[in-house]
Amino acid sequence: MGGNTLYFSLQFSALFSCKTHTPYIFKKGSLKFIPIEAVAVAIQCKSVSTPSSSKIEEWVTSIKQLKTKQSGIARMATTLVQGKGSETQKATRPILIYCNLKGSEQGTNEKYFDITITASEKEKKLEMRLHEESFKSIHSVYKHLNFSEVGTDDYRINGDDREMEQYRVPGSTLLSLNFILNQALMLLNNPMLFPHIDYVNLFKEKEGNVDGKSDI
């Protein structure tokens, strides 16, 4: 976005992680392979083309199929934590954001994402919609991001709930997005401990692993 002009022609997928706290698995050329435990946001952007709902669903499913593990080992302030994990974070998933161009007939894909951002090239403005379940309130965001596929009986919540729509700033979609996204990221907070041993075992199970058959 530059000045008052909306640039929404690119079509791409992106994953965002915390650069400071992310121990990437390995680097090959300009590509870094990072653990799913560290991915905070996954974005799918489409402009004028209209991908089928099945393709979008496949993309979202491929993200959700990457399951986090609780086998990380780290030193904390008072003790050494080994695989226990946090009572407030059992299985994380990224925040899913969908960006599209108004009039491209892609509204049917919104149901797969937490946040949908639609750009109007003619009106020069953005619209933002939140998923009616996963991003309905503070408690629902907390549950969906930190206890993904775990089950509703495995999470504990303290404090009053609040509707995510309350974070909207009238007349400013960008400010609204900033407050809503930042609040959601604070609920996700730090990434889970990196489960090194699980990734080691994953490579061991694959043909052409690092025992001399690969140049990775």
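Visitor: Rings of Phe, Tyr and Trp (its six-membered ring) pair if their centres lie within 6.5 Å; planes under 30 degrees apart are stacked, over 60 edge-to-face, the rest tilted. How many aromatic pairs does that give?

Guide: The count is four aromatic pairs. One of them joins Trp 59 and Phe 113, with 6.1 Å centre to centre and 25 degrees between the planes. That pair is stacked.

Visitor: Before we go on, what am I looking at?

Guide: This is a predicted model, where local features need pLDDT of at least 70 and side-chain atom pairs pLDDT 80 or more, while totals for chains, interfaces and linings use all residues. Residues are numbered from 1 along each chain as its sequence is written, and side-chain values use heavy atoms, without hydrogens or water.

Visitor: OK. Back to Trp 59 and Phe 113: which parts does the pair tie together?

Guide: Trp 59 lies in helix α1, residues 53-64, and Phe 113 in the loop between β7 (95-101) and β8, so the pair links parts 54 residues apart in sequence. Helices (H or I, at least four residues) and strands (E, at least two) are DSSP runs, numbered from the N terminus.

Visitor: Is Trp 59 buried or exposed? And Phe 113?

Guide: Buried means under 20% relative accessible area, exposed over 50%, partly exposed in between (1.4 Å probe, protein chains only). Trp 59 has 16%, so this residue is buried. Phe 113 has 1%, so Phe 113 is buried too.

Visitor: What about the rings of Tyr 98 and Phe 113?

Guide: Their centres are 4.7 Å apart and their planes at 15 degrees, so that pair is stacked. Tyr 98 sits in strand β7 and Phe 113 in the loop between β7 and β8, so the pair ties together parts 15 residues apart in sequence. Tyr 98 is buried as well. Trp 59, Tyr 98 and Phe 113 make one aromatic cluster.

Visitor: Over to α1. Which residues are buried there?

Guide: Ile 56, Trp 59, Val 60 and Ile 63. Seen down the axis, the buried residues of α1 fall within an arc of 90 degrees (taken over directions from the axis to the C-beta atoms), so they line one face of the helix.

Visitor: New topic. How do β8 and β9 pair?

Guide: β8 (residues 115-120) and β9 pair in the antiparallel sense over six bridges; DSSP must find at least two for strands to pair. Ile 117 stands opposite Met 128 in β9.

Visitor: And what lies between β8 and β9?

Guide: Four residues, in a hairpin. Lys 124 in the turn has a positive phi of about 55 degrees.

Visitor: Which face of β9 is covered?

Guide: Leu 126, Met 128 and Leu 130 form the covered face. Lys 125, Glu 127 and Arg 129 form the uncovered one.
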